Amino acid sequence: MDEPIYLDHHATTPLDRRVLEKMLPYFTEIYGNPSSIDHLHGNKAKVAVDGARQTIAKHLGCRKENEIIFTSGATEANNLALIGAFRKYRDKGKHLIASAIEHPAVLDTLKALEREGAEVTLLPVDSHGVVDLEALRNAIRKETILISVMFANNEIGTIQPIAQIGELAKAKGILFHVDAAQAVGHEPIHVYDMNIDLLSFSAHKFYGPKGVGGLFVRSFAPMVRLEAVTFGGGQERNLRPGSLNVPGIVGMAEALSFAATEQKAERKRLEQLSATITDALQTAFPDVKINGHPERKLTHNLNLTIPGVEAKALIHVLKSKLSFSAGSACSTTKVEPSHVLKAMGLSDDETFQTIRLGLGRSTQDAQGLAHLLIEGIGQVRR
Ligand SMILES: Cc1ncc(COP(=O)(O)O)c(C=O)c1O
């Protein structure tokens, strides 16, 4: 039997085979520790890591390559950015602002910081999932030290007005952290042009390997300082000690280069595929609702509320043909309504009738996909 078609590219993407080829020698031949700079084996690995750092820094618009700190992914980068900044700047103020629709890697870290004395304001979003800039202006206090707003949302794909928020944060002298896990490799990003101080990213969201990511830490106007949250051998400017994942880092840089080069054409292609799928679905079922911003969104995201159709039931009937997720977040013990959809004003029932399709490089036949979905929806409704 054929594998189901993969439509969950927000959760993770497959490793690009060209990237795998580039990584392979770093498992078996160039295996030195890049911190062992006294010998050739270590030096070869260091050259590879330095090259990867340069490539990533260039693609993100950094001024210096050492503004990139390698981590195990976006979760760790978010933890380092938020905890590290709070502990460094808490004497200046204890107030932090974030959007209500951040990923748990931000929201749960902020909860942990509240236990250390932080005061957190969560900003509302409109019905498209866009952060309310007026609410942001009103939330800023004398003691506000950091604003954290994601670049693009992992459920609905809405892209936030990052440059505008960056300008506001800069004018007020407040640090601006951006969780760009869903955007790096998919959307053009320039950290300096957008006045971003800290930016988190993760390779497995752009066809790179799992378990590797990074944090941009601005070093010019202002120079951002962080307290380390883990301790050890001093790697990554003492901010993220531990032996580096050389194959992963090499793969991440290679994946980002491919993604950046192919980004424009791929976005256009995915936009057309999304439009074909939604047109077909809405022709068959006019009550299907598309969530997220109509224009400012990731082109590979399709978040749909289908009245009367439980997402879990649809996933079940299509299991052998399609792999996709429900719009609501699941924990191991209970299913909870998505905090993102709730913040946009959906009812609990609507959140459970919402699915997330994450298209990707392997997505081809939009009409065929729409046909399968229409069949599945019909079956659940009957
Ligand atoms: C917006 C966002 N932030 C953070 C993460 C966590 O990334 P990682 O898997 O690299 O820890 C994800 C992954 O789902 C995400 O979508």
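**Notes on the model**

1. Tyr 207 sits in the loop between β7 (198-202) and β8. This is a predicted model, and in it the phi of Tyr 207 is near 70 degrees, a positive value in a residue other than glycine. Most residues other than glycine have a negative phi, and most peptide bonds are trans.

2. The peptide bond from Ala 221 to Pro 222 is cis, and its omega is near 0 degrees. Pro 222 belongs to the loop between β8 (213-217) and α8.

3. The ligand is surrounded by 13 residues. The closest are Thr 75, Asp 179, Gln 182, Ser 202 and Lys 205. For Lys 205, an N or O atom of the side chain is 2.7 Å from an oxygen atom of the ligand.

4. Two packed helices are described by the angle between their axes and the distance between the axes. Helix α4 (residues 74-89) packs on helix α5 (residues 104-114) at an angle of about 30 degrees, with the axes 9 Å apart. Because angles under 35 degrees count as roughly parallel, α4 is roughly parallel to α5. Their crossing is right-handed. On the α4 side the contact is made by Thr 75, Asn 78, Asn 79, Leu 82, Ile 83 and Phe 86; α5 contributes Ala 105, Val 106, Thr 109, Leu 110 and Leu 113. By class, seven of the residues in this contact are nonpolar, four are polar and none is charged.

5. Helix α3 (residues 40-60) and α8 cross at roughly 30 degrees, and their axes come within 9 Å. The crossing is left-handed. From α3, the residues involved are Ala 45, Ala 48, Val 49, Ala 52, Thr 55, Ile 56 and His 59. They meet Val 246, Ile 249, Val 250, Met 252, Ala 253, Leu 256, Ser 257 and Ala 260 of α8. The contact has twelve nonpolar residues, three polar ones and no charged ones.

6. Which helix does α8 (residues 246-284) pack against at an angle of about 35 degrees? The partner is helix α12 (residues 366-381), with the axes 9 Å apart, and α8 passes α12 in a right-handed crossing. Leu 273, Thr 276, Ile 277, Ala 280, Leu 281 and Ala 284 of α8 take part. Their counterparts in α12 are Ala 366, Gln 367, Leu 369, Ala 370, Leu 373, Ile 374 and Ile 377. This contact divides into eleven nonpolar, two polar and no charged residues.

Methods: Residues numbered from 1 in each chain as written. Predicted model: local features only at pLDDT ≥ 70, side-chain atom pairs only at ≥ 80, totals over all residues. Heavy atoms only, no water. Axes fitted to C-alpha atoms, helices over the stretch in contact; angles between N-to-C directions. Helix = DSSP H or I, 4+ residues; strand = E, 2+ residues; numbered from the N terminus. Parallel < 35°, antiparallel > 145°, perpendicular 65-115°, else oblique. Left-handed = near helix turned anticlockwise from the far one by under 90°. Contact = heavy atoms within 4.5 Å. Nonpolar A, V, L, I, M, F, W, Y, C, P; charged D, E, K, R; others polar. Near = heavy atom within 4 Å. Polar contact = N/O pair within 3.5 Å; in protein donor to acceptor, adjacent residues only side chain to side chain.
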